[in-house]
Amino acid sequence: HRTMPLARPTRQIPEAAWTSGLREMTEPWKGAVGCLGVAIFFAMTIGIISWQALEQSPEEWVLRGRAGGVLWERRRGALLLRALPSGRTVAVIAVGGVPAAEPPPPRDHCWHDRGQFCYAWEEDAELRLSIEAPPAPATECYGVHWTPLRPDVMLKDCFSMANVSWYGGASIRAQHWPINNAESPAQPFVSGNFGKNPTGYGPVLERYFLGSTGVTVTVAPDVPLVLSLESDRHFCLQTPAESDAPLSLLLPQAPHASTRRNNPPCFFPPRRSPIWRYYGPASSAAKIKRGLRSLAKKLKRHHLQEGVLALGERSTAILAAADHVPSERRKRHDTSRAWDPSLIEPLRLSITLSPYTSIASPLFLRWLRDGQAASYCLSLQPRFGDCSVPLLTTWKGRLCARLNVTSEPALNWYLARAQRLQQALGATYVIFEGAEGNVFLERAVPPPAELTGDRYTTVLAAALAALGNATIISAGAGSSHLPFFVQMSQLHSDWSHAGLKGLIPSVLHYSLLGYNFFIPDAVGGSLAGDTPGDPELYVRWLQIVTFLPVMAFSTPPWLCCDAWVLNLTRQYIQRHRDFTVPLILKYSEEWLRSGYPIFRPAWWLSPTDPTAFTVEDEFLIGDEVLIAPITEKGQTWRDIYLPGEGHLWMDTNTARVFDGGTVLRNYSASLAEVPVFVK
């Protein structure tokens, strides 16, 4: 049985009557109907826009984890990393190289995988966000993987500095802590020498950035990378213009700021301090020997007879000139005039080498004659033919070729030569300069695949580790786990961030990146500054390096200053041996176990106090000693931040005790004192 609907009259207006009525409408009526239509259309448009504004949030979740997630912010075209359940934004990443205003729509190319989000800007780039395996407990890690779809697309991620302090990355000429106050144009993220390029990046860098919100940023080692720093705004990571390689980042997020953990060395570098750099006569081997003996006698006369006499590269080459003589002729040479290291005892000797060879040297000419230059030196591969040409560059004002670290015979020869010279001269330590930089990029030549970025530094450092822990190297890139000291860059003899003020930020920078065993620049600075021979600068510099792994001098205290500075130098050298060295040994053991740095910033004990994030003139040794020296010219007081709320700190000079988490205003410190607090 089916029920039929009831029929109802439609009362439809006949078409003829409707059209005839329109014809009969007057002109005013026609205008009124038209205006009504426009008004209805305008109202509908406003309604749709209002609905979109109300219904569509300016932020859209694109990937969610357990402790946080990633959102897309439409207004700025930025990725937001947000912590849960607090909802606090811990990183803002402005996206460059793609249409920033275009938001990722609901369509997700990886919708079937809840651990990924994929989106493509047509003909520009592809973005893949993913939840990665966490590097440590209580940590969540997000991968950001960009792939350009055209060669001219430069992908860029800019990390905001608003309400976030950032650390790590590259060393710069005037080092700051944090890097928020630093400025650098976009340039390849490659280690460099400030002597060659003062505006470039320094000899120690890692693809690792740490934010005060607990976020770290790491970049895949095989990605060609360009870094720029814009003071108080952001730092940007991008791919080079000519590169079609992807840009891959990892964003680990932890409850508190973490540090870089490396596989520590299986044994420690040797402890021998201070280092006295030799800058005496160096025109002949005889003058160098006399100069070394003279310096040793003066040190002994001033009761400073322990430590190391360090020869520069030129003096080493002159003293070891016999090394270029063939072995059968060397045996017939008069050995009575050979260098005798016992003449400077109890001082030890260090020599200096580099991977550069002058094109005017007999060694390079022999390589050319024997057809070995392409094997022993970095070379350019010609487009036509099979004859390689050595790649020439400048080193200390000379035109040189650089050691080919991709050649096993060349590396073996270099290591054997270093060992032979060390043994022949009776040197305890060998310093290797010039390990930093990429000479292909310096010459605007595309490097071979095996030497992109900082692979030269990494390969050379790994090879030098075979020489043992009596090695000192001038650069670090992916080599903080190797057992040698790193020589810090030279600083200006002044009070600026390129001089004394940059010393503590450099200490914190090196240690955060895993380079805990370093040799700071010589007391007073090595580069000419505004105040040469300033006793106050010399003393304030001395007070800082007393609490670092090694003390180094280029100007002896009796040449720069009065007798009281000489006496103070003796006291601080003794304090370094009695107080600092045992502390470094203690926290070296902790570094082996946990990977925590030996030299720590104030925020290490106050990870949530914004005041601690910008303290750049203090440092901790472990968790128990705070060093707060004077770094301002003419001052005998300073403000001191004592970290760690709930802790107590005792001034070792006065035995006064203060609460942690507080600031001591106008705290007194005479020229002969350095404020040191023990927890």
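A cavity here is a set of points, on a 1 Å grid over the protein atoms alone, where a 1.4 Å probe fits but cannot get out, and its lining residues have an atom within 4 Å of a point. This is a predicted model, in which local features need pLDDT of at least 70 and side-chain atom pairs count only at pLDDT 80 or more, while totals for chains, interfaces and linings use all residues. Residues are numbered from 1 along each chain as its sequence is written, and side-chain values use heavy atoms, leaving out hydrogens and water.

Let's start inside. Searching the whole structure turns up five cavities of 30 Å³ or more. The largest cavity holds about 120 Å³ of space, a volume being the space filled by probe spheres set on the points, with grid points joined across faces, edges and corners. Its lining counts 15 residues, and Ile172, Phe194, Ser489, Leu491 and Ser506 lie nearest the centre. Seven of the lining residues are nonpolar, seven polar and one charged (Ala, Val, Leu, Ile, Met, Phe, Trp, Tyr, Cys and Pro count as nonpolar, Asp, Glu, Lys and Arg as charged, and the others, Gly among them, as polar).

Next come the contacts between side chains. There are 30 aromatic pairs in the whole structure (rings of Phe, Tyr and Trp, the last by its six-membered ring, with centres within 6.5 Å; planes under 30 degrees apart are stacked, over 60 edge-to-face and the rest tilted). One of them is the stacked pair of Phe159 and Phe235, at 5.1 Å centre to centre and 10° between the planes. Phe159 sits in strand β8 (residues 156-160) and Phe235 in strand β14 (residues 234-238), so the pair ties together parts 76 residues apart in sequence. Helices (H or I, at least four residues) and strands (E, at least two) are DSSP runs, numbered from the N terminus.

The structure also has 22 salt bridges, each a side-chain nitrogen of Lys or Arg within 4 Å of a carboxyl oxygen of Asp or Glu. In the one between Glu433 and Lys396, the closest N and O atoms are 2.6 Å apart. This pair links distant parts of the chain, 37 residues apart: Glu433 is in the loop between β24 (429-432) and α9 (439-442), Lys396 in the loop between β22 (392-395) and β23 (398-402).

| Cis peptide bond | Omega |
|---|---|
| Leu84 and Pro85 | about 5° |
| Glu345 and Pro346 | about 10° |

Pro85 belongs to the loop between β3 (78-83) and β4 (89-96), and Pro346 to the loop between α5 (327-330) and β18 (348-353).

Notes: On a 1 Å grid over the protein atoms alone, a cavity is a set of points where a 1.4 Å probe fits but cannot get out, and a pocket is an open set with protein on both sides within 12 Å along at least five of seven lines; lining residues have an atom within 4 Å of a point.
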